[in-house]
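Here is a short report on one protein model.

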Amino acid sequence: MTVTLEDWGMITGLPLEGNALTGRVERKNWHDRVVALIGDCPPDKKNRTSGAPLPWLLKYRSKCPEGAEPRVVEQYARAYLWYLLTEVVFPDCSGDIALWMYLDFLADWDAGYSWGAASLAYLYRSLDDATRRTEATSGMCGCVWGLSIWMWERIPVGRPEKLRARAWTYYGEDGDDARYPTAAYAWDVVGTISGESKALYKIFINELDALTPLQV
């Protein structure tokens with residue numbers, strides 16, 4: 001039993017078809033390339049060649065000026081997506097850096113990448129590293145938010161209480177399907193589980209051990 005591409009598409013809404021996110025990450029002149037793509041970049045530091053600090057991104061690239069020309073709007077849109085890719089879709093344990101390699105894929109709006117397949121593969125690799133403890137610092141990375149939704153849908157262990165969802169009104173124009181909520185919206189409003197973490201851990205693993213196929 002595992003997370004399938006169909007599961008992932010219904011939960012995240014990320015495209016499953018398209019070009020693979022693969023290739024060589026070129027760090028040469030990354031500072032100039034960041035400026036070209038999002039309009040600005042923090043001061044270059046010799047010990048940082050992989051990206052921009054997330055606090056800087058939030059402070060200087062989070063609010064697009066009113067009346068900005070299309071080119072500037074696109075730059076702020078890239079910065080926003082860069083932040084989401086770093087913090088939600090492909091988060092890691094490296095710190096507070098928005099990695100350059102994700103921004104590179106946002107250079108062409110019409111490239112048509114399979115973000116869903118890439119993020120699920122990234123999550124698989126992260127789960128493998130975390131469970132095998134390949135390094136002393138191995139931790140849980142990847143889109144843990146999406147994995148949590150999948151677990152709540154499939155496994156009745158550690159599942160929060162699902163409360164009445166708020167009405168979805170952001171349908172866009174002409175019935176735009178892209179504006180409809182994903183399966184994750186069913187868990188938008190939930191009751192939290194409180195308790196001491198070690199005690200809850202023991203309860204959850206005991207419940208997992210006692211699961212039967214009919215409960216999944």
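**Helix contact.** The model is predicted. Helix H2 spans residues 30–38 and helix H4 spans residues 70–89. Their axes come within 7 Å and cross at roughly 115°. On the H2 side, the contact uses Val 34, Val 35, Ala 36, Leu 37 and Ile 38. These meet Gln 75, Arg 78, Ala 79 and Trp 82 of H4. Sorted by class, the H2–H4 contact has seven nonpolar residues, one polar and one charged.

**Aromatic pairs.** The structure holds nine aromatic pairs. Two of them are tabulated here.

| Pair | Centre to centre | Angle between planes | Geometry |
|---|---|---|---|
| Phe 105 and Tyr 113 | 5.1 Å | 85° | edge-to-face |
| Trp 152 and Trp 187 | 5.4 Å | 55° | tilted |

Phe 105 has 17% relative accessibility, so this residue counts as buried. Phe 105 and Tyr 113 also belong to one aromatic cluster, together with Phe 90, Tyr 102, Trp 115 and Tyr 122.

**The tryptophan pair.** Where do its two residues lie? Trp 152 lies in helix H7 (residues 144–154). Trp 187 lies in the loop between strand S3 (161–162) and strand S4 (190–191). The pair therefore ties together parts that are 35 residues apart in sequence. Is Trp 187 buried or exposed? Trp 187 is buried, with a relative accessible area of 8%. Trp 152 counts as partly exposed because its relative accessibility is 22%. Trp 187 has a charged neighbour too: Lys 162 lies over the face of its ring, 4.4 Å from the ring centre.

Note on methods. Residues are numbered from 1 along each chain as its sequence is written. This is a predicted model: local features need pLDDT of at least 70, side-chain atom pairs count only at pLDDT 80 or more; totals for chains, interfaces and linings use all residues. Side-chain values use heavy atoms; hydrogens and water are left out. Axes are lines fitted to C-alpha atoms, for helices over the stretch in contact, and angles run from 0 to 180 degrees between N-to-C directions. Helices (H or I, at least four residues) and strands (E, at least two) are DSSP runs, numbered from the N terminus. Contact means heavy atoms within 4.5 Å. Ala, Val, Leu, Ile, Met, Phe, Trp, Tyr, Cys and Pro count as nonpolar, Asp, Glu, Lys and Arg as charged, and the others, Gly among them, as polar. Rings of Phe, Tyr and Trp (its six-membered ring) pair if their centres lie within 6.5 Å; planes under 30 degrees apart count as stacked, over 60 as edge-to-face and the rest as tilted. Buried means under 20% relative accessible area, exposed over 50%, partly exposed in between (1.4 Å probe, protein chains only). A charge sits over a ring if NZ of Lys or CZ of Arg is within 6 Å of the ring centre and within 35 degrees of the ring normal.
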